[in-house]
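Good morning, colleagues. Please turn to the sequence and the structure as they come up on the screen.

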Amino acid sequence: MSGPQCCANPPNLDPSSGAGRVEQLGGLDAYVVGSQDSKLAILLLSDVFGYEAPNLRKLADKVAAAGFYVVVPDYFCGDPFAPENHERPFMVWIKDHGTDKGFEDTKPVIQALKSKGISTIGAAGFCWGGKVAVELAKCELVQAAVLLHPSFVTLDDIKGVKVPIAVLGAEIDQMSTPELLKQFEEVLSAKSEIDAFVKIFPKVSHGWTVRYKVEDEAAVKSAEEAHSDMIQWFVKFVKEETTLHL
């Protein structure tokens with residue numbers, strides 16, 4: 001189900017990182033940042049290391065600066081995957097934190113956002129969160145989705161997508177291989193009713209968009225290119241689509 005890549009390069013978690021704050025939303029703690037007056041929200045669905053990862057929160061701040069209210073839920077309720085805990089290897093940990101549970105836990109978060117007056121929601125999923133994001137896209141619980149080096153996403157998942165979707169993958173990835181991503185692209189290109197975009201980034205590995213080392217200039221540049229692609233997707237299909245319908 002999962003290889004070592006899924007858990008490589010773990011971040012140094014920092015609960016105080018980011019310019020935003022932590023609050024309860026839909027029954028989960030969540031890192032939130034951006035204008036409360038925005039009618040547009042973006043959910044950032046973390047990898048197995050959770051919502052206290054500094055690079056993920058830095059990205060949330062960047063998305064908020066583009067005009068969105070950004071929410072990063074704590075799906076693991078203070079129990080992110082800890083590679084150093086040998087008594088609880090990944091296959092044991094994932095039994096308590098399956099993506100199916102993540103999908104169900106997102107529904108009250110979306111309801112809470114709508115109760116705040118949010119009209120349009122996008123979701124970006126990283127690794128583990130990619131599977132949650134694709135499930136949301138299949139049920140039209142969000143209006144646009146981006147999958148970044150997703151884990152556990154199948155061809156059938158992609159066939160079921162009903163909203164604009166971008167898939168940003170790595171050349172070196174055992175979880176979503178370039179061959180699988182090309183199959184995703186073929187399926188999506190045949191779905192003329194849905195806007196879609198698939199891009200394979202050269203010379204990067206699974207997790208590169210959020211698990212880069214800040215001192216590695218090449219890694220940062222590749223991550224920032226993916227961040228830009230993601231934000232542009234949400235500007236086009238969350239922000240501009242909403243403006244068109246006003």
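I begin with the second largest pocket, whose lining consists of eight nonpolar, three polar and three charged residues. Here Ala, Val, Leu, Ile, Met, Phe, Trp, Tyr, Cys and Pro count as nonpolar, Asp, Glu, Lys and Arg as charged, and the others, Gly among them, as polar. The model is predicted: local features need pLDDT of at least 70, side-chain atom pairs count only at pLDDT 80 or more, and totals for chains, interfaces and linings use all residues. Residues are numbered from 1 along each chain as its sequence is written, and side-chain values use heavy atoms, with hydrogens and water left out.

The volume of the second largest pocket is about 190 Å³. Among the 14 residues that line it, P11, N12, N55, Y212 and K213 are the closest to its centre. A pocket is an open set of points on a 1 Å grid over the protein atoms alone, where a 1.4 Å probe fits, with protein on both sides within 12 Å along at least five of seven lines; lining residues have an atom within 4 Å of a point. Points are joined across faces, edges and corners, and a volume is the space filled by probe spheres set on them.

The largest pocket has a volume of about 230 Å³. It is lined by 15 residues, of which V204, S205, W208, Y212 and A219 are the closest to its centre. Strand β8 (196-205) gives the largest share of that lining, four residues.

Helices are DSSP runs of H or I of at least four residues, and strands are runs of E of at least two, numbered from the N terminus.

Finally, the cores. A nonpolar core is a set of buried Ala, Val, Leu, Ile, Met, Phe, Trp, Tyr and Cys residues joined through side-chain atoms within 4.5 Å. In the largest, of 51 residues, L43, V71, F90 and L113 touch the most other members. Its largest share, six residues, comes from α4. A second, separate core of 38 residues includes L40, A60, A64 and A170.

Key
Buried < 20%, exposed > 50% of the residue type's maximum accessible area, 1.4 Å probe, protein only.
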